[in-house]
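Hello,

Here is the model I promised to pass on to you. Have a look at it first, and then read on for what I found in it.

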Amino acid sequence: MAIEMATMELPDTKTIRLKWPEGYEPDFKTGQFIALFWPDSPKYRRAYSLSSSALDRGFFEITVKREGKMGTRIVDWAKPGDTMGVFPPTGKFLPVFEPGKHLICIAGGSGVTPFRGFVREATKRKLDTKITILYSVRTPKEIIFNDKFRKLESANPNFEFHVTCTRLGTDDRWTGRRGRIDAAWVNEQIADLSNTVFYACGPNALVEFSENLVLREMGVPKIQMKTEKWG
Ligand SMILES: Cc1cc2nc3c(=O)[nH]c(=O)nc-3n(C[C@H](O)[C@H](O)[C@H](O)COP(=O)(O)OP(=O)(O)OC[C@H]3O[C@@H](n4cnc5c(N)ncnc54)[C@H](O)[C@@H]3O)c2cc1C
């Protein structure tokens with residue numbers, strides 16, 4: 001597929017939009033991932049969660065951090081007009097959009113990407129599903145999609161975007177929450193535990209930390225949590 005658009009979200013994070021070829025009408029779900037490769041090295045494939053939603057037709061969007069070989073090549077080199085090989089969307093990290101559900105989405109760093117897809121779909125469909133993102137970054141400069149999530153918050157009364165910063169100096173002007181995501185902060189968000197579904201996505205360390213917090217510390221049944229580990 002051809003890259004139609006490439007946008008720097010942060011100095012180390014880029015969104016690329018891959019244009020579907022004529023007549024391609026894939027059946028897929030928000031929250032799934034695609035696998036990509038460059039035509040000069042078809043065996044080197046890497047997975048990327050869609051940051052667009054299944055209601056966005058005609059293109060896939062992914063958001064990539066400059067990390068490792070593929071991440072660096074995409075962030076530093078991918079540009080409009082380039083072609084990348086794409087394996088169709090797959091995966092089970094899907095939003096539960098049943099009436100009355102509350103999705104609490106725990107993210108760190110680039111792991112926030114699929115949640116943008118969740119919120120895009122819920123907002124477009126005007127769903128009553130509550131979505132709360134709890135996002136951990138080291139400093140405010142690392143918040144991916146800050147403006148986009150703030151706009152979605154204004155458009156969707158059921159969506160909240162909360163950020164905590166873990167590595168601030170005492171003189172930083174950040175007035176929001178500081179410190180790691182903890183059980184007290186997660187508990188504050190819960191109105192009806194039986195209708196709450198927890199999500200965690202990103203590098204293994206963050207996902208394992210979240211599983212420990214939600215399943216063991218808070219005692220939430222495993223069936224109420226979905227995770228996507230990036231390695
Ligand atoms: C289902 C799935 C969805 C993914 N979605 C995304 C996405 O939306 N955006 C994205 O940037 N990456 C995503 N990744 C990671 C991506 O597939 C690549 O692993 C990443 O771009 C690094 O490229 P590489 O594997 O060539 O790096 P290598 O040169 O093989 O090095 C990989 C190293 O980087 C670590 N790593 C990989 N990704 C990250 C990251 N984002 N932050 C911190 N450490 C990381 C790995 O643990 C490993 O140590 C996803 C992975 C999976 C399995």
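Thr 83 is in contact with Met 1, Ala 2 and Pro 39, leaving aside its neighbours within four places in sequence. You will find Thr 83 in the loop between α1 and β6 (85-90). Please keep in mind throughout that this is a predicted model.

Is Thr 83 buried or exposed? Thr 83 has 11 other C-beta atoms within 10 Å, so it is exposed, the limit for that being 12 or fewer.

Thr 13 lies in strand β2 (residues 13-19), and with 21 C-beta neighbours inside 10 Å it counts as buried. Setting aside residues up to four places away in sequence, Thr 13 touches Thr 63, Val 64, Lys 65, Val 75, Ser 110 and Ile 144. A second pair to check is Thr 13 and His 162, which are 149 residues apart in sequence and 20 Å apart in space, C-alpha to C-alpha.

Now for the whole chain. The secondary structure comes to five helices and twelve strands. The radius of gyration is 18 Å, close to the 17 Å that the globule rule gives for 231 residues, so the protein is as compact as a globular protein of that length. Along its principal axes the C-alpha trace spans about 50 × 45 × 30 Å. Of the 231 residues, 35% count as buried. Among the contacts with a separation of 6 or more, 69% are accounted for by residues 24 or more positions apart.

The protein is divided into domain 1 (2-90) and domain 2 (102-229), and the C-alpha centres of these two domains lie 23 Å apart. Where they meet, 14 residues of domain 1 are in contact with 15 residues of domain 2. On the domain 1 side that touches domain 2, β1 (2-10) and β5 (59-65) each supply at least two residues. The residues of that side divide into four nonpolar, eight polar and two charged.

There is also a ligand to look at. Which residues are closest to the ligand? Of the 21 residues that surround the ligand, the closest are Ala 47, Gly 68, Met 70, Gly 71 and Trp 230. At least three residues of this shell are drawn from each of domain 1 and domain 2. By element, β4 (46-49), β5 and α1 (68-77) each supply at least two residues of the shell.

The largest nonpolar core has 31 residues, and the members that touch the most others are Cys 105, Ile 106, Ala 107, Ile 131 and Ile 133. Several elements each supply at least two residues of this core: β7 (102-108), α2, β8, β9 (159-165), β11 (196-202) and α5 (204-217). The largest share, five residues, comes from β7. To see how one member is packed, pick Ile 106, which touches Leu 134, Ile 181, Phe 198, Tyr 199, Ala 200 and Ser 210, not counting residues up to four places away in sequence. Apart from this core lies another one, of 13 residues, among them Leu 18, Leu 50, Val 64 and Ile 74.

Finally, two backbone details to check. Most residues other than glycine have a negative phi. Lys 126, although it is not a glycine, has a positive phi of about 55°. Lys 126 lies in the loop between α2 (113-124) and β8 (130-137), and with 10 C-beta neighbours inside 10 Å it counts as exposed. Phe 145 also has a positive phi, near 65°, in a residue other than glycine. Phe 145 is placed in the loop between β8 and α3 (146-155). Buried or exposed, then, for Phe 145? Phe 145 has 23 other C-beta atoms within 10 Å, and is therefore buried, since the limit is 20 or more.

Do write back with any thoughts once you have had a look.

Best wishes

Definitions and conventions: Residues numbered from 1 in each chain as written. Predicted model: local features only at pLDDT ≥ 70, side-chain atom pairs only at ≥ 80, totals over all residues. Domains from an automatic or database assignment. Contact = placed C-beta atoms within 7 Å. Helix = DSSP H or I, 4+ residues; strand = E, 2+ residues; numbered from the N terminus. Nonpolar A, V, L, I, M, F, W, Y, C, P; charged D, E, K, R; others polar. Near = placed C-beta within 6 Å. Core = buried A, V, L, I, M, F, W, Y, C linked by C-beta atoms within 7 Å. Rg over C-alpha atoms; globule rule 2.2 N^0.38 Å.
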